[in-house]
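Colleague: I would like to go through this model with you. Could you begin with the overall layout and then turn to particular residues?

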Amino acid sequence: MTYSERQNAILHAMSQRRHDTMAHLASEFGVSVRTIRRDIETLSLKEPLYTKQGRYGGGVYLLDCRRTEELRREALWQALCTWVREHSAEILPLSSEISEASLSAICRRLLTMLDSKTSP
């Protein structure tokens with residue numbers, strides 16, 4: 001099994017399990033724990049994998065991408081709303097206060113614009 005084949009197999013296994021130990025992955029793929037650790041370190045640069053220290057060699061976790069996307073959008077929403085509130089006088093010079101409905105509409109529009117710019 002080549003390096004890239006092993007990394008693809010690790011990703012496939014982690015997508016099925018969501019959690020495993022370094023020792024178990026090493027025995028499954030017939031390599032050392034250090035090799036698996038390097039593979040996970042490399043994969044975590046481009047995939048939602050992370051490690052956690054603990055008993056029995058620690059664990060490898062695959063983040064739920066859907067949940068991660070929801071959290072990212074929520075954080076972006078909060079940041080946009082905060083920015084719009086703080087700069088509403090500059091954005092809407094005729095209004096000293098902005099209603100929550102207007103704030104939501106502006107933020108929704110900004111998110112839509114950002115999504116269209118970041119989509120492949």
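Modeller: The overall layout comes before the details.
Modeller: This is a predicted model, in which local features need pLDDT of at least 70, side-chain atom pairs count only at pLDDT 80 or more, and totals for chains, interfaces and linings use all residues. Residues are numbered from 1 along each chain as its sequence is written, and side-chain values use heavy atoms, with hydrogens and water left out.

Colleague: How many helices and strands does the chain have?
Modeller: The chain has six helices and three strands; helices (H or I, at least four residues) and strands (E, at least two) are DSSP runs, numbered from the N terminus. Their order from the N terminus is α-β-α-α-β-β-α-α-α.

Colleague: And what percentage of the residues count as buried?
Modeller: Of the 120 residues, 24% count as buried, where buried means under 20% relative accessible area, exposed over 50% and partly exposed in between (1.4 Å probe, protein chains only).

Colleague: At what angle do H1 and H2 pack?
Modeller: Helix H1 (residues 3-17) and helix H2 (residues 22-29) pack at about 130°, and their axes are 12 Å apart. Axes are lines fitted to C-alpha atoms, for helices over the stretch in contact, and angles run from 0 to 180 degrees between N-to-C directions. H1 and H2 are therefore oblique to each other; angles under 35 degrees count as roughly parallel, over 145 as roughly antiparallel, 65 to 115 as roughly perpendicular and the rest as oblique.

Colleague: Which residues of H1 and H2 make the contact?
Modeller: H1 contributes Arg 6, Ala 9, Ile 10, Ala 13, Met 14 and Arg 17, while His 24, Leu 25, Glu 28 and Phe 29 come from H2. Contact means heavy atoms within 4.5 Å.

Colleague: Where is Arg 18 found?
Modeller: Arg 18 is in the loop between H1 and strand E1 (19-21). Arg 18 has a positive phi of about 70° although it is not a glycine, and at 35% relative accessibility it counts as partly exposed.

Colleague: Changing topic, how many aromatic pairs are there?
Modeller: The structure holds one. Tyr 50 and Tyr 61 are stacked, 5.2 Å centre to centre with 20° between the planes. Rings of Phe, Tyr and Trp (its six-membered ring) pair if their centres lie within 6.5 Å; planes under 30 degrees apart count as stacked, over 60 as edge-to-face and the rest as tilted.

Colleague: In which strands are Tyr 50 and Tyr 61?
Modeller: Tyr 50 is in strand E2 (residues 49-52) and Tyr 61 in strand E3 (residues 59-62), 11 residues apart.
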